[in-house]
Amino acid sequence: MNPARVRRLERWLSVLAIRLGVPLSAAQVGKFANQETTVEIKVSVREEDVFIIQSGYGEVNDMIMELLIMINACKTASAKRVVAVIPYFPYSKQSKKKAARSAIPAKLLAMMLKVAGVTQVVTLDLHATHIQGFFDFPIDNLSSKPFIVKYIRDRIPDSQTAVIVSKNAGGAKRVTSIADELRLDFAIVHQDAGHSHISQPADGEHGELVLVGDVKGRVAIIVDDLLDSAKSFASAATLLKKRGATKVYGLATHGLMSGDALDILNNSDVDELAVTNSVPVADKVALCPKLKVIDVTPLIAEAIRRIHNGESVSCLQQQVPL
């Protein structure tokens, strides 16, 4: 495993362990010379509830194999339950067929987790809620909405008159839910396929960016579940500034920020950006002065505690230990 990734994971997991009041269990993860992944659990798990925490970022395919092998190792070692805690569920952007001969990798991963021996999955803000139907065992899809709402109220100046913005039509439901909670107006940026002269198209799309809604003289807050390449965030921010927004903030649950995303954000019209730590992002803060981190470890830790104790998890959708 990449040493830098190990350090990021250790820092991230140690925060969860401290909140739960339990130490991290020892496990050895490595690779053979031929790059096959090897895992060895260093503690007894017989008749224990085992929570394996792994989020889908970075070398995502290696991460998946590590997770599957670790799940199977615990199952064959007679663990009572094996719960996979996957805050960002990988391949969630591929949850339906996009062409005649394409696959559905998100469903495939759900099937692989079952075969490996997992008994339950905990995740956060699935990219598409219908992914829950791919599992025939329990899945808890936690929500970051209370944390997003609290950040807007407490950390964004003039939020009382702000406009919540979706950077594409697909995120409209998410944005309207937050706007209703805050009693704010909302707006949507979408692609007008009838035009092709846009200078900054969104990720993989073509057409002119069109704003539905009014942001003139007001703060605009772009909200989405996923920040990956950052191109669509930057394009939407440019449009919002052109339409008169005084400031543009960005909020996202999963801050993957792949490739040159940090450079794009640093040079964009986004004034401030906040992401949760559903994946380790602390090392990226130093590279992007605009970037802030929303801590969701209280939510994940409480979900783990409740599952272990046989308590309700559904109440965490609204009542979260902030």
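Me: Which element gives the largest share of the lining of the largest pocket?

Reply: Elements here are DSSP runs numbered from the N terminus, helices being H or I of at least four residues and strands E of at least two. The element with the largest share of that lining is E10, which gives 5 residues. The model is predicted, so to speak of local features one needs pLDDT of at least 70, and side-chain atom pairs count only at pLDDT 80 or more, while totals for chains, interfaces and linings use all residues. Residues are numbered from 1 along each chain as its sequence is written, and side-chain values use heavy atoms, with hydrogens and water left out.

Me: What volume does the largest pocket have, and which residues are the closest to its centre?

Reply: On a 1 Å grid over the protein atoms alone, a pocket is an open set of points where a 1.4 Å probe fits, with protein on both sides within 12 Å along at least five of seven lines, and lining residues have an atom within 4 Å of a point. A volume is the space filled by probe spheres set on the points, which are joined across faces, edges and corners. Here the largest pocket has a volume of about 1,400 Å³, and of its 46 lining residues His127, Gly170, Arg174, Asp224 and Asp225 are the closest to the centre. Elements that give two or more residues to this lining include helix H4 (145-155), strand E10 (219-227) and helix H6 (231-242). At least three lining residues come from each of domain 1 (3-142) and domain 2 (145-192 + 210-295), the bounds being taken from an automatic or database domain assignment.

Me: How do the lining residues of the two pockets divide into nonpolar, polar and charged?

Reply: Ala, Val, Leu, Ile, Met, Phe, Trp, Tyr, Cys and Pro count as nonpolar, Asp, Glu, Lys and Arg as charged, and the others, Gly among them, as polar. For the largest pocket the division is 15 nonpolar, 18 polar and 13 charged, whereas for the second largest pocket it is 24 nonpolar, 5 polar and 5 charged. The second largest pocket holds about 1,200 Å³ of space, and of its 34 lining residues, Leu24, Ser25, Phe51, Ile52 and Ile53 lie nearest the centre. Its largest share, 7 residues, comes from H1.

Me: Is helix H6 mostly covered or uncovered, and what span should it have?

Reply: Buried means under 20% relative accessible area, exposed over 50%, and partly exposed in between, with a 1.4 Å probe and protein chains only. H6 is mostly covered, with 9 of its 12 residues buried, among them Phe233, Leu239 and Leu240. Glycine 244 follows H6 and has a positive phi near 100°.

Me: Which residues other than glycine have a positive phi, and where do they lie?

Reply: One of them is serine 78, with phi near 70°, found in the loop between H2 and strand E4 (81-86) and partly exposed at 26% relative accessible area. Alanine 230 has a positive phi of about 75° and lies in the loop between E10 and H6, where it counts as buried at 1% relative accessibility.
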